[in-house]
Amino acid sequence: MKKFVLAAAIASTLFLAGCSDKVDESTITNVVQTSQYEQPNLGITAKTTPFEVKNLKITKVLLDTKTDYKAEVSYDLVANKSLDEFKSSMKALAAKP
C-alpha cells in the first residue's frame, strides 16, 4: 500500500474541471491515476498504463479551503498487465507513425 500527500494536483484539477467544493475519493483516485501512472507525453495513457489505483482511502484531511485541498491518502497499486505485455504495447505504440 502506498501513502501520498496530494495538494496542487487536486486543487488545479478541481479548478479546471469546475467541480463543486466537495472532494471525494473518486476525485482523488482520478488525480492519482492520471498524475502518477499515466504519462501521455510518453504514450502511457489509461489504455496502456500497466497500473491501476484501487482501494483509495482518505486517511487524513490536512487542509480544506475554497481554493486548496490537501489530504493524506492510502491506496493499492495493482498491476493490470505483466511487464512483458506493457513492453509489447509500448513497442507497438512506438512503431506507429
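A: Happy to. Helices (H or I, at least four residues) and strands (E, at least two) are DSSP runs, numbered from the N terminus. On that basis the chain has three helices and three strands, and from the N terminus on the order of its elements is β-α-α-β-β-α. Please keep in mind that this is a predicted model: local features need pLDDT of at least 70, side-chain atom pairs count only at pLDDT 80 or more, and totals for chains, interfaces and linings use all residues. Residues are numbered from 1 along each chain as its sequence is written, and side-chain values use heavy atoms, with hydrogens and water left out.

Now to the strand pair. Two strands pair if DSSP finds at least two bridges between them; β2 and β3 do so in the antiparallel sense, over ten bridges. Together they form a hairpin, with four residues between the two strands. Asp64 stands opposite Tyr69 in β3, and Val61 faces Ala71 of β3 in the pairing. Lys70 also belongs to strand β3. The C-alpha atoms of Lys70 and Lys60 are 8.9 Å apart, with the two residues ten apart along the chain.

Tyr69 and Ala71 lead us on to the core, as both belong to the largest nonpolar core. A nonpolar core is a set of buried Ala, Val, Leu, Ile, Met, Phe, Trp, Tyr and Cys residues joined through side-chain atoms within 4.5 Å. Buried means under 20% relative accessible area, exposed over 50%, and partly exposed in between (1.4 Å probe, protein chains only). At least two of its residues come from each of α2 (25-37), β2 (51-64) and β3 (69-79), and β3 gives the largest share, four residues. As background, nonpolar side chains in soluble globular proteins tend to be buried together. Of the 97 residues of the chain, 29% count as buried.

A salt bridge is a side-chain nitrogen of Lys or Arg within 4 Å of a carboxyl oxygen of Asp or Glu. The structure holds one, and it joins the side chains of Glu52 and Lys54 at 3.5 Å, N to O. Glu52 is partly exposed, with a relative accessible area of 32%, and Lys54 is partly exposed at 37%.

Finally, follow the chain past β3. Lys81 lies in the loop between β3 and α3 (83-95). Lys81 is buried yet has no salt bridge, and Glu85, the nearest side chain of opposite charge, is 6.8 Å away. For charge, Lys and Arg count as positive and Asp and Glu as negative, while His and the chain ends are not counted. Contact means heavy atoms within 4.5 Å. Leaving aside neighbours within four places in sequence, Lys81 is in contact with Lys47, Thr48, Thr49, Pro50, Phe86 and Ser89.
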